[in-house]
Amino acid sequence: MSATATNDARGNSEKSRRPLAAWRRHHRQCLRGAFARLIRRPVGAWATILVLGVVLSLPALVMTLGHQVERLGAIWMSDAARMDIYLATDADETARQTLRDWLDRQATVAEQRVIPPEEGLEALTERLHIDGLEALESNPLPWVIELTLSDARPDTRLALAESLREQPAVAEFSSGDDWIQRLEQIRAFFDELGWWLLILLGMTVVFVVGNTLRLELHERRREIALIALIGGTERYMLRPLLYDGTLSGLLGGLVASGLVGLALSVTSGPIERFAASYGAAISPQLDPALVLLLMTAGALLGWLSAQVIGRFYIGRLSTP
């Protein structure tokens, strides 16, 4: 290959790289400009970001409540591996032993523990701090068999419950399935409500960011008209606006995460006491996935708002 051809190839390569270099340089300038505008106009810019944070924090709080209910349900599901059987008062020793032998043959029963009425009364006295129960003429408590299940799946528990109803020595049993189903329904309700609020309030975010960007466009109308005169494309004029909108939305999601974390820290005491009253231990924590969701949703909504407002107004402002 001759030296001339080599120089031509090098020149073509440099020309092909120049537009890409200019494109990258303009992106860097837009990013720096977006941060610079946050510093130059802190009150207006951060007021918009704070509003976005408050708006986005509402669905995030609802989703967080659903997550806490899910954690409470998970704790109770671990307790779901237990089942208490209350025997009939007329069940004698033979009937009790027959029932225990039947339970030993069940594959889902890993362990059983018999609680006599005297032990139950003693535990009840200690738990409720009631004096004088030991002086009762007759013990009203029945024999109880406490089961530990090897399989706590709902369908397995339902099959065992159906079999227990056919045992003559069994008067009643507690499984906790109703509470678990209710918690699952509550969690599903909070999840659906949170997503609907995120969609509805997301539209509010688009309007709030869009109004701020519209004012910014009016301030830059001479600059936009000049760029249009020298042949600047709409995409070139729109790019700074996209960075402004995306950055505002991203910071709005970050502020929303901080507000949710603050709300959790303030309400952690009552939530922990409520869970403790049901025998569960819950320490409310901000889910990192929720933080990522808020920042991503904020950035996308800000970008969408810049697209809509920018394409609507730039054509009008660039016309002399």
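Select Ser257: at 5% relative accessibility it counts as buried (buried is under 20% relative accessible area, exposed over 50%, partly exposed in between, with a 1.4 Å probe and protein chains only). This is a predicted model, in which local features need pLDDT of at least 70 and side-chain atom pairs pLDDT 80 or more, while totals for chains, interfaces and linings use all residues. Residues are numbered from 1 along each chain as its sequence is written, and side-chain values use heavy atoms, without hydrogens or water.

Ser257 sits in helix H8, residues 234–277 (helices are DSSP runs of H or I with at least four residues, strands runs of E with at least two, numbered from the N terminus). Leaving aside residues up to four places away in sequence, Ser257 touches Leu286, Val291 and Leu294 (contact means heavy atoms within 4.5 Å).

**The whole chain**

Zoom out and colour by secondary structure: the protein has 9 helices and 4 strands. Along the sequence the order is α-α-β-α-β-α-β-α-β-α-α-α-α. Of the 320 residues, 37% are buried. Of the contacts between residues at least 6 apart in sequence, 85% join residues at least 24 apart. The accessible surface is about 19400 Å², with 61% belonging to carbon and sulfur atoms (Shrake-Rupley method, 1.4 Å probe; for residues, only the protein chains shown count as cover).

**The annotated spans**

Select residues 43–62, 193–213, 247–269 and 289–314, which an unreviewed UniProt entry annotates as "transmembrane region". UniProt positions follow the numbering used here, feature names are shortened, and annotations may be inferred rather than shown by experiment. Residues 193–213 are 100% helix and 0% strand, with the end C-alpha atoms 30 Å apart. Residues 247–269 are likewise 100% helix and 0% strand, and their end C-alpha atoms lie 35 Å apart.

Next, pick Glu192 in helix H6, residues 177–219. Glu192 is exposed, at 55% relative accessibility.

**The nonpolar cores**

Which residues have the most contacts inside the largest nonpolar core? Show Leu56, Val205, Leu217, Leu241, Leu290, Leu294 and Ile314, in a core of 27 residues (a nonpolar core is a set of buried Ala, Val, Leu, Ile, Met, Phe, Trp, Tyr and Cys residues joined through side-chain atoms within 4.5 Å). Helices H2 (42–79), H6, H7 (221–229), H8 and H9 (288–317) each supply at least two residues of this core. Centre on Leu56, whose contacts beyond four places in sequence are Leu198, Val205, Gly252, Gly253, Ala256, Leu294, Gly298 and Leu301. A second, separate core has 18 residues, among them Ala88, Trp102, Leu164 and Val170.

**The rings**

Display the aromatic side chains: the structure holds 2 aromatic pairs (Phe, Tyr and six-membered Trp rings with centres within 6.5 Å; planes under 30 degrees apart are stacked, over 60 edge-to-face, the rest tilted). Phe189 and Phe190 form a tilted pair, 5.7 Å centre to centre with 55° between the planes. Phe190 is buried, at 18% relative accessibility. Phe312 and Tyr313 have ring centres 5.0 Å apart and planes at 80°, so this pair is edge-to-face. Phe312 is partly exposed at 43%, and Tyr313 is partly exposed at 21%.

Finish at Trp143, where Arg96 lies over the ring face, 3.9 Å from the ring centre (the criterion is NZ of Lys or CZ of Arg within 6 Å of the ring centre and within 35 degrees of the ring normal).
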